[in-house]
Amino acid sequence: MFITVSTMECHEDFISYLDSDTSLKILECLDDPADLVRVTCVSRSLRQSVIANGLCKQLCLRMFPQLSRVAFVVELNQHGGKEHAEVGSSNSTEWLVLQREHRVFSYLSKALMSSVAMNCIAKTIGASSTDNFPQESIDNTLEPRDVIGGRYSYWSSNGQSNPNVPETLTYELVSQICLITEINIRPFQAYFQLGSPIYSASSVRFKMGHPKASLDAVDDELFVWTYTSPEFPMSQENKLQTFKLPEPVLCIGGILQIELLGRVQRQEMDGLLYICVSHVQVLGGSLSPPFNVEILQPSGIFVLKRDQLASEEPKIVRDIRRLVTILQARGVGVLEWDQDDDDDDDIYDSDPEYAL
């Protein structure tokens with residue numbers, strides 16, 4: 001049962017009869033961001049409680065621990081809204097900060113829950129080794145086709161006698177803030193070699209993070225990794241293998257690295273072990289342009305920015321943008337977009353006195 005804005009002028013919310021600790025425990029049980037926003041529409045006292053206790057921010061942190069490194073939030077192109085004191089509160093700087101955080105994290109939670117799945121790779125950064133450059137470059141892993149211009153398309157590592165020597169493939173994502181759910185990898189099968197061997201790795205692991213402030217040539221590690229996945233076994237099969245992360249991961253900084261662990265296939269020609277990959281997909285959703293981040297070096301904490309103008313695209317533009325994304329990613333396991341998902345838009349865009 002929903003309590004509308006028109007009825008709440010005549011009825012008190014039942015939580016107002018409870019002590020503050022009990023009412024807060026009830027509100028903290030809500031695990032859907034949309035429900036928290038609905039609560040703020042019930043009454044001024046509930047809205048003040050949600051904002052004062054930072055419940056939208058807390059829920060986002062529980063859902064996505066990567067947000068624990070947010071130093072503060074910023075609203076860009078904010079217009080038309082008034083930040084005013086609630087009944088029983090002073091118009092202090094602290095209260096204005098809480099209101100701003102509530103708005104930003106409320107809209108962020110909606111974006112996280114409604115992002116459309118797409119291939120999030122923007123471009124390659126580099127491979128730990130390449131056997132024959134550029135014929136066997138990491139750039140070939142962006143191409144889903146096996147053969148291009150009469151040549152097989154794949155990346156190949158250097159050969160090694162030690163099966164434990166790892167390899168890495170590093171990619172830049174489409175934005176600095178992406179929600180990643182799974183990574184798909186297809187090992188390369190060398191049909192032109194005797195027995196058509198498949199040069200897969202024994203297992204894979206994934207890292208996400210951001211570039212270091214100074215790309216010092218003497219520094220072997222150019223990136224700060226803020227997430228490392230469990231290790232996934234890889235089968236020696238010529239198919240697109242899906243590695244679904246235990247939980248969706250918010251990649252802050254837009255860098256993803258694939259670690260290929262363990263060599264299983266020896267090349268007959270030279271007796272060395274190689275790893276070869278045909279195609280890579282990184283599935284998830286971009287939260288840009290409405291949201292962006294600024295990494296504060298060297299601490300690694302970041303500023304979360306919300307651009308209100310980007311968030312206020314006309315609905316027809318948002319629909320067309322989503323449709324284009326779906327069509328572009330149709331061949332890479334994209335999830336269908338259900339137009340009913342936008343039914344909750346009204347609770348985020350309603351009267352600012354009650355909603356956000």
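Hi everyone, let's begin with helix α1: the cover over its buried residues includes α2 (33–39), α3 and α4 (55–63). This is a predicted model, where local features need pLDDT of at least 70, side-chain atom pairs count only at pLDDT 80 or more, and totals for chains, interfaces and linings use all residues. Residues are numbered from 1 along each chain as its sequence is written, and side-chain values use heavy atoms, leaving out hydrogens and water.

Which residues of α1 (residues 20–28) are buried? They are S23, L24 and L27, with buried meaning under 20% relative accessible area, exposed over 50%, and partly exposed in between (1.4 Å probe, protein chains only). These three sit on the same side of α1, because they cover an arc of only 100° around the axis. As a reminder, an α-helix has 3.6 residues a turn, so residues three or four places apart point the same way. On the face turned away from the buried side of α1 you'll find the exposed residues D21 and K25.

Now for α3 (residues 44–52) and α5 (residues 93–114): their axes come within 9 Å and cross at roughly 90°. That makes α3 roughly perpendicular to α5, a label for angles of 65 to 115 degrees. From α3, the contact (heavy atoms within 4.5 Å) uses R47, Q48, V50, I51 and A52; from α5, W95, L98, Q99 and H102 take part.

Last, a lysine: K110 lies in helix α5 and is buried, at a relative accessible area of 17%. K110 and A34 are 76 residues apart in sequence, yet 7.3 Å apart in space, C-alpha to C-alpha. Thanks, everyone!

Notes
Axes are lines fitted to C-alpha atoms, for helices over the stretch in contact, and angles run from 0 to 180 degrees between N-to-C directions. Helices (H or I, at least four residues) and strands (E, at least two) are DSSP runs, numbered from the N terminus. Angles under 35 degrees count as roughly parallel, over 145 as roughly antiparallel, 65 to 115 as roughly perpendicular and the rest as oblique. The arc is that of the directions from the helix axis to the C-beta atoms.
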